[in-house]
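Hi,

Here is the structure I promised to pass on.

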Amino acid sequence: MGTELWVVIIVFLVAVGVFLAGWFARRLVDRSKIVSAEELAEKIVREAEREAETQKKAAVLEAKDEWYKAKAKFEEDTQQTRQEVEKLQRQVEKREENLERKLEFIEKKETELDKLESDLGKQETSLKDRSENLSKLLEEQNERLERIAGMNRDDAKKLLIRNMESDARLEAARMIKDIRDDARRTADKEAKQVLTMAIQRCAADHVVESTVSVVNLPNDEMKGRIIGREGRNIRAFETATGIDVIVDDTPEAVILSGFDPVRREIARLSLERLITDGRIHPGRIEEVVEKVRKELDEQIVELGEEACLDVGIHDLKPEMIKLLGRLRYRTSYGQNMLQHSKEVAYLCGLMAGELEFDATMAKRAGLLHDIGKAVDHSMEGTHAALGAELARRYGEDEIVVNSIESHHEDVEPQSMIAVLVQAADAVSGARPGARRETLETYIKRLEKLEDIASSFQGVERSYAIQAGREIRIMVQHKKIDDARAEVLAQAVARKIEAELKYPGQIKVVVIRETRSVDYAK
């Protein structure tokens, strides 16, 4: 028991000794680590201090270097600025010297001007005195002239003005004659060549058409069937078509009369079908007229399209094509308007090609120039104004619009194409056989032509010849000289253009003749 206790005590003491030894050993190791760490820390601190010192020196050196650079740049800029300031100072000094010289010059000039003003004042006074003396002398001279001439100053002025006006008119007449002669020498030949070429290349046959339609009947008994019982058939027909039916003594024929050519054509076709069918009564009349009207509307569109294809125009609006087709049933002086429009388009295209203008635009303007005649029966206004309004409404080019409204010179032409349309329209209307006139209209036109020529002062006699295409004027040679004869011809031509309507052109010839007669005794 005692032994075990001692063993336990010894073990305990050994354990305590081992613990104390380990504890002291650990303390020694920890102390050694602490010392090593402190030495390492001191080393790091010293190295950090050395590094910081090195960086500090480098920063100081760099800062010094920057400072020296900035100082050098500042000194350089300062030097440059100083030089510029010195340069500006020299310029200012030079300008001051110039200003001083100018001031001296101005003072000198002012002195001279003062002297000149003084001299001018003296001269003005002298001139005023001389002017007064001159006015007195002129008044005295005028009074003497008035006494010598036997007229006052106003009469002398009027006489002088009349003489000067007469001389000016004579000189102007001579100048006009020279200018027109020169223009004719250079322009007439080329214009004639272009027109002749266009006319030759556009040859066309013309048939004068009537403004009434005649329907042939198989026999005179058909007239009674057309009239119907108590006239009901003819009344129904006239109501449906808007055309008057004239049944007279003409054998085997009735006449359809009306201002609207399309309605007249509908009436003609309808009556021919009714006669062929044999059934003529109000119900059948209305049915046939309505059917013919629809067919004719389609035919009008086809005629318009065909005209566009013939001329080479492909982008017209459908409304314009339909109006163009209606011209097939419209005549002027017996000339068919659709054929006339196509011919004008051909002529415009040919002349525009020769003159290097837009041939397509010229043909378009020529084709549409009389489009207003398709509606002038139902609307107020001239066909030129109506046609221009229609063309503008359906988006035609302004050149085409102006060509339409100016082709009868209602307005001024704004392009050469408009002038070509005028020329082509005159050529087409003036072709032999293209148009016809009644005898009464023809005689009135000749009388009006001679009256216009005789209305001018100095005209002795006038004669309309060549079916009214030429007017010859005999003048008094003492009142009209050669230069004034040229002016008279021009004035007569302008008055004819303003007051007469006629196809083609009228030639004005002024004849001045001097005859000297004496007798030998």
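This is a predicted model: local features need pLDDT of at least 70, side-chain atom pairs count only at pLDDT 80 or more; totals for chains, interfaces and linings use all residues.

Strand β7 (residues 470-475) and β8 run parallel and are joined by six bridges.

Residues are numbered from 1 along each chain as its sequence is written, and side-chain values use heavy atoms, with hydrogens and water left out. As for terms, helices (H or I, at least four residues) and strands (E, at least two) are DSSP runs numbered from the N terminus, and two strands pair if DSSP finds at least two bridges between them. Contact, or touching, means heavy atoms within 4.5 Å. Axes are lines fitted to C-alpha atoms, for helices over the stretch in contact, and angles run from 0 to 180 degrees between N-to-C directions.

There is another open sheet of three strands, this one in the order β1-β3-β2 with antiparallel pairing. β1 (213-216) and β2 (244-246) are at the edges with a single partner strand each, so one side of each has no neighbour in the sheet. The twist averages 30 degrees from one strand to the next. Three bridges join β2 to strand β3 (residues 253-257), and D244 has S257 in β3 as its bridge partner. Helix α5 (residues 261-277) lies across β1 and β3, at about 5 degrees to β1.

Now the core (buried Ala, Val, Leu, Ile, Met, Phe, Trp, Tyr and Cys residues joined through side-chain atoms within 4.5 Å). Buried means under 20% relative accessible area, exposed over 50%, and partly exposed in between (1.4 Å probe, protein chains only). The largest nonpolar core has 64 residues, and L316 and L324 have the most contacts inside it. Helix α6 (residues 282-311) gives the largest share, ten residues. A second, separate core of 20 residues includes I452, I473, A485 and I496.

How do α6 and helix α7 (residues 318-326) pack? Their angle is about 95 degrees and their axes are 7 Å apart, so the two helices are roughly perpendicular (65 to 115 degrees). Among the residues that meet are I300 and C308 in α6 and I321 and L324 in α7.

S341, in helix α8 (residues 337-354), is buried at 0% relative accessible area, and touches L327, G366, L367, H369 and D370, not counting residues up to four places away in sequence. E252 has a positive phi of about 55 degrees although it is not a glycine; E252 sits in the loop between β2 and β3 and is partly exposed at 40%. E356 also has a positive phi, of about 65 degrees, without being a glycine, and is exposed at 71%.

Cheers

Methods: Angles under 35 degrees count as roughly parallel, over 145 as roughly antiparallel, 65 to 115 as roughly perpendicular and the rest as oblique.
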